[in-house]
Amino acid sequence: DNPWQTVLYDCMCHSYDQVAEALMAAISCTREDGYHIAWVVDHHGQASVCHGERKECERVMATLHDAGLRAEVEES
């Protein structure tokens, strides 16, 4: 049902606050969820932050890019 995903990669140049804020804007998550995802990215190097249609995943990626984060859209 959700053939695409947006993957956020660790770039070692943003604080957890910055990543959480960007995620809140990109995927409408809570601050707590944003911090959790930031922790996963920090400890595992990446996290899938969106699953769905390609257009939505690309929107999320663009929002993350606007915040200076590294993200890509790929088939899941």
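The following dialogue explains how to read several features of a predicted model.

Biologist: Which conventions apply to this model?

Modeller: The model is predicted, so local features need pLDDT of at least 70 and side-chain atom pairs count only at pLDDT 80 or more, while totals for chains, interfaces and linings use all residues. Residues are numbered from 1 along each chain as its sequence is written, and side-chain values use heavy atoms, with hydrogens and water left out.

Biologist: How many salt bridges does a search of the whole structure find?

Modeller: Side chains of opposite charge can pair when their charged atoms come close. A salt bridge is defined as a side-chain nitrogen of Lys or Arg within 4 Å of a carboxyl oxygen of Asp or Glu. Searching the whole structure gives 3 salt bridges. One of them joins arginine 31 and glutamate 21, with 2.6 Å from N to O.

Biologist: Which parts does the pair of arginine 31 and glutamate 21 tie together?

Modeller: Helices (H or I, at least four residues) and strands (E, at least two) are DSSP runs, numbered from the N terminus. Arginine 31 belongs to helix 2 (residues 31–44) and glutamate 21 to helix 1 (residues 16–27), so the pair ties together parts that are 10 residues apart in sequence.

Biologist: Where do the salt bridges of glutamate 58 and glutamate 56 lie?

Modeller: Glutamate 58 meets arginine 54 at 2.8 Å, N to O; both lie in helix 3 (residues 54–66), 4 residues apart, about one turn of the helix. Glutamate 56 forms a salt bridge with arginine 59, their closest N and O atoms being 2.7 Å apart. Glutamate 56 and arginine 59 also lie in helix 3, 3 residues apart, again about one turn of the helix.

Biologist: What is the strand order of the open sheet?

Modeller: Two strands pair if DSSP finds at least two bridges between them. The open sheet has 3 strands in the order 2-1-3, with antiparallel pairing. Its edge strands, each pairing on one side only, are strand 2 (46–52) and strand 3 (70–75). Strand 1 (residues 4–9) pairs with strand 3 in the antiparallel sense over 6 bridges; valine 7 has glutamate 72 in strand 3 as its bridge partner.

Biologist: Which strands does helix 2 touch?

Modeller: Contact means heavy atoms within 4.5 Å. Axes are lines fitted to C-alpha atoms, for helices over the stretch in contact, and angles run from 0 to 180 degrees between N-to-C directions. Helix 2 packs on the sheet and touches strand 1 and strand 2, its direction making about 130 degrees with that of strand 2.

Biologist: Are methionine 12 and serine 28 buried or exposed?

Modeller: Buried means under 20% relative accessible area, exposed over 50%, and partly exposed in between (1.4 Å probe, protein chains only). Methionine 12 is exposed at 72% relative accessibility, and serine 28 is exposed with a relative accessible area of 65%. Methionine 12 lies in the loop between strand 1 and helix 1, and its phi is near 60 degrees, a positive value in a residue other than glycine. Serine 28 lies in the loop between helix 1 and helix 2 and has a positive phi of about 55 degrees, although it is not a glycine.
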